Amino acid sequence: MATTATSPSLPQRLRAGDPVAHTLTGMAASFILAITALLLYHLWTGSALPRAEFGWGFLTGSSWDPVAEKFGALPFIYGTVMTSLLALLIAVPVGLGCAIFLAELAPRGASDALTFTIELLAAVPSVIYGLLGIFLLVPILQTTVVPALVAVFGFLPIFQGPFQGVSVFSAGIILAIMIVPFIVSVSREILLAVPQDQREAALALGATSWETTWKVVVPYALTGIFGSVFLALARALGETMAVTMVIGNKPEVSSSLLAPGYSIAAVIANEWAETSSGAMHQQVLIELGLVLFALTVVINGVARLLILSMKGGKK
Amino acid sequence: MKLSFRRKAVNAVMLTLTGACTFLVASVLLVILGYLAWNGLASLNLDFFTKLPVPAGETGGGMAHAILGSAKVLLAAMLIGVPIGFFAGVYLAEFGDGVFPGIIRYTTDLLNGVPSIVIGIFAYALIVLPMRHPSTLAGGIALGVMMIPISLRTTEEFLRAVPVSLREGAMALGAGKARTIFTVVIPAAKSGILSGLMLNLARVAGETAPLLFTAFGNQFWSPGWMLATATLPQVIYAYAISPYEDWRRQAWAAGFVLLVLVLSVNAVARFAIGRTTSRGRS
Amino acid sequence: MTAKIDTMSPIRAREPEAQNNVTPAPPPGETPFANSTIKLQAEHLNFYYGDFQALHGISLKVKEKQITALIGPSGCGKSTFLRTINRISETIRHTRVEGHIRLDGADILKMDVTSLRRRVGMVFQRPNPFPKSIFENVAYGVRVNGLDKKTPLAETVEKSLKRAALWEEVKDKLHDSALALSGGQQQRLCIARALAVDPEVLLLDEPCSALDPIATAKIEDLLFALKSQCTIVIVTHNMQQAARTADDTGFFLLGKLIEFDRTEVMFRKPSEKQTEDYITGRFG
């Protein structure tokens with residue numbers, strides 16, 4: 001009879017699929033480890049020359065002369081950090097306001113439609129932000145915003161000197177516009193994860209919806225919100241195209257935001273084509289890539305810790 | 001009474017302020033779309049989609065080579081990145097307890113956070129250097145590596161969302177774990193995984209930085225997979241910073257085309273995900 | 001189908017020996033049954049979720065081609081017990097079983113799990129059709145088990161749908177999605193799916209709890225019809241359902257089997273105070 005005849009081999013055959021599936025999918029997963037390891041390997045070995053030549057001084061050196069092979073990363077690190085901080089300064093309050101409105105205050109229908117729009121905004125390619133940066137944002141800054149700022153805050157060191165359009169300031173503004181959608185969507189989700197009983201408790205005591213949000217919901221979600229800010233920071237640090245197009249690409253450290261600057265990602269994008277493989281210049285660019293990688297790994301790590309500790313710690 | 005009035009006023013003011021923030025941010029999308037349409041639509045004609053560029057300084061020509069180049073680079077990226085991410089996602093969703101899967105999750109997060117320009121350096125060292133010249137394939141590998149983490153995450157998420165009752169139903173009929181996964185769980189998560197794939201493609205379709213030294217660019221057609229190729233985002237960048245008026249107009253047109261493509265794929269995928277998840281919950 | 005019950009001679013042959021193994025001292029509340037074949041037998045079964053013990057020394061006998069109902073308040077362990085019979089409970093991590101369950105005298109914990117599940121079908125609390133066509137749902141188990149190439153698949157599907165009293169309603173739309181069916185139809189589809197591999201035992205875990213009264217009545221009628229073909233164990237918290245359908249009934253409380261007897265005895269003259277309280281509705 002068929003069942004008895006096949007039953008010894010059949011179940012074995014069927015079960016044999018499980019270890020096979022486990023192994024095959026596990027191999028795909030290991031591939032990710034391999035790729036990441038290879039990435040690190042190439043960044044490390046590819047930058048051996050300048051690491052031996054300049055050591056840690058590379059990070060603090062401020063001269064950049066490819067012809068004389070004198071390289072210091074400070075102008076790029078400075079530009080990257082300044083543009084990102086400026087972007088956060090603008091994007092965090094605006095993004096948080098949005099997230100609070102969408103998660104707590106807005107009527108459901110309006111919230112859904114606006115959330116959808118803002119998520120689409122996050123999908124706009126960075127080269128398009130760059131395009132608009134050059135032809136729309138910079139002229140507006142030049143004709144109206146910066147003259148007004150200088151008129152009021154002109155005494156501050158950060159608003160000194162002439163404004164030529166392309167500058168650290170312009171790059172910071174375009175970055176701010178680019179990271180707002182990320183802050184909004186991550187913070188909104190974190191606010192929505194706050195348990196409903198927290199809100200109800202406050203509302204039952206007679207708090208207004210704003211008081212509930214500001215005194216109960218936001219404090220509860222604060223760690224997670226910090227996490228979202230760090231995530232946005234990591235994105236801003238690594239952003240290449242839009243920044244390259246409006247920052248001015250001048251390797252100088254200037255206290256004024258109105259002066260042109262340079263960022264790590266931008267210098268890699270701009271100067272790579274001028275280098276040849278194995279040459280000091282290209283290896284320096286790879287080392288800059290390594291610096292950028294290390295920066296984003298640390299900041300992403302902090303972001304994830306913050307978000308995890310909020311989700312896990314307050315169950 | 002006076003205190004209550006103050007509290008109500010604060011409430012109203014903050015509602016208005018945060019609402020204004022939101023409308024301001026959302027309206028940026030309209031500004032972007034409108035401005036690109038305003039500047040780009042005039043340069044959009046049949047030539048744009050069918051012709052090669054003309055020499056610098058002359059007017060006319062199109063971006064057919066970049067449109068085809070982008071399509072090929074994306075196809076290569078998808079073929080490289082999606083299977084790895086998908087199977088690794090199956091692994092994490094179905095066999096994902098313990099130390100090793102934890103390491104994989106951490107590594108995936110790490111890879112996801114790597115700036116795209118650094119991925120470009122990596123693909124250069126991996127492919128361009130040994131081959132000695134940039135190529136469609138190198139661009140595809142750069143974008144493919146960028147697709148892996150998101151592909152993994154969406155696969156894992158949608159597989160985990162499949163109800164336990166379906167798995168039990170299959171196992172109660174004598175199906176082994178592998179069989180259950182491939183004949184019941186994955187088909188049940190199919191539409192979500194596909195939408196995730198579309199979002200993922202739309203995301204890398206606009207990437208420029210990793211293509212600068214992998215696909216590089218080309219003024220002509222790029223037959224096969226081993227030659228440098230133009231791509232839409234790379235041409236937008238090159239034309240935008242060029243001194244020629246006609247090229248800039250074409251950059252606007254290309255930007256408009258790219259944006260409409262990316263946003264419509266996004267909208268469709270998000271709509272599909274919204275529908276499947278709300279159906280799953282009911 | 002090959003797996004006709006009357007041809008399962010290799011397994012039958014072991015039965016007398018199995019019955020010899022049965023310990024003569026019956027646990028409290030259990031009446032020895034005469035003159036019927038014991039299909040399933042649990043002996044001192046303990047079940048743990050991590051540190052929590054969900055079942056305490058369950059011993060009972062399920063007779064062949066009869067309907068056995070398990071009743072009790074929610075969380076009493078009746079579903080857990082059912083889920084250990086086809087070892088679907090193993091899919092949950094950190095669970096542990098002690099004791100024995102014997103199917104035709106053979107210990108199921110030592111069996112190959114896929115062949116056990118082919119012999120012991122299961123229908124779940126909520127209808128769980130796969131997101132496939134009606135035809136593919138019914139054919140799934142047959143495809144998985146690779147049974148009998150002589151019978152065409154279409155024939156098996158039709159026969160199973162007829163046994164589940166669903167054929168007339170779906171015969172013109174076999175290739176439509178199963179998700180388009182009503183809840184009651186979906187549940188009968190799940191029964192057809194389980195029947196397609198000709199199981200010897202059919203486990204039903206509160207199969208009507210998500211259904212309306214009319215759909216419930218259809219399923220109960222179906223159980224009576226199926227009784228002649230296979231052994232049925234049904235978990236329910238609906239006492240009327242147990243009283244209407246079952247030959248034997250067991251009452252579970254806090255992970256213990258309080259009483260197990262003929263259904264009419266259980267509902268007319270239970271020997272345990274707790275059973276009486278539950279049946280008469282005096283129970284929390």
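**Where chain B meets chain A**

Mentor: Let us begin with a count: there are three salt bridges between chain B and chain A. Keep in mind that this is a predicted model.

Trainee: What makes the pair B:Arg270 and A:Glu119 a salt bridge?

Mentor: The closest N and O atoms of B:Arg270 and A:Glu119 are 3.2 Å apart. The rule asks for a side-chain nitrogen of Lys or Arg within 4 Å of a carboxyl oxygen of Asp or Glu, so this Arg and Glu pair counts as a salt bridge. Between chain B and chain A there are also 10 residue pairs in polar contact, both residues being at pLDDT 80 or more.

Trainee: Which part of chain B gives the largest share of the side that touches chain A?

Mentor: Helix 1 of chain B, residues 2-40, with 18 residues. By class, that side of chain B has 55 nonpolar, 14 polar and six charged residues.

Trainee: How do you know how big this interface is?

Mentor: The size of an interface is often given as the accessible area lost when the parts come together. For chain B and chain A, the buried area is about 6600 Å², with 81% coming from carbon and sulfur atoms. The contact takes 75 residues from chain B and 73 residues from chain A.

**Two domains in chain A**

Trainee: What do the two domains of chain A bury between them?

Mentor: About 510 Å², with 77% of it on carbon and sulfur atoms. On the domain 1 side, A:Leu40, A:Leu43 and A:Gly46 lose the most area to domain 2, together 76% of what that side buries.

Trainee: How many salt bridges join domain 1 and domain 2 of chain A?

Mentor: The count is zero.

**Inside chain B and chain C**

Trainee: What elements make up chain B?

Mentor: Chain B has 11 helices and zero strands, and 56% of its 282 residues count as buried. Chain C has 12 helices and 10 strands, and buried residues make up 58% of its 284 residues.

Trainee: Why is C:Asp104 called buried?

Mentor: C:Asp104 has 3% relative accessibility. Buried means under 20%, so C:Asp104 counts as buried. This residue sits in the loop between strand 4 (95-103) and strand 5 (106-107) of chain C.

Trainee: What makes the phi of C:Asp104 worth a remark?

Mentor: Most residues other than glycine have a negative phi. C:Asp104 is not a glycine, yet has a positive phi of about 50°.

Trainee: And why does C:Glu206 count as buried?

Mentor: Apply the cut-off again: C:Glu206 is at 8% relative accessibility, and buried means under 20%, so C:Glu206 counts as buried. C:Glu206 has a positive phi of about 45°, and lies in the loop between strand 7 (201-205) and helix 9 (213-226) of chain C.

Methods: Residues numbered from 1 in each chain as written. Chains lettered and ligands numbered in written order. Predicted model: local features only at pLDDT ≥ 70, side-chain atom pairs only at ≥ 80, totals over all residues. Heavy atoms only, no water. Buried area = accessible area lost by both parts, 1.4 Å probe. Contact = heavy atoms within 4.5 Å. Polar contact = N/O pair within 3.5 Å; in protein donor to acceptor, adjacent residues only side chain to side chain. Helix = DSSP H or I, 4+ residues; strand = E, 2+ residues; numbered from the N terminus. Nonpolar A, V, L, I, M, F, W, Y, C, P; charged D, E, K, R; others polar. Buried < 20%, exposed > 50% of the residue type's maximum accessible area, 1.4 Å probe, protein only.
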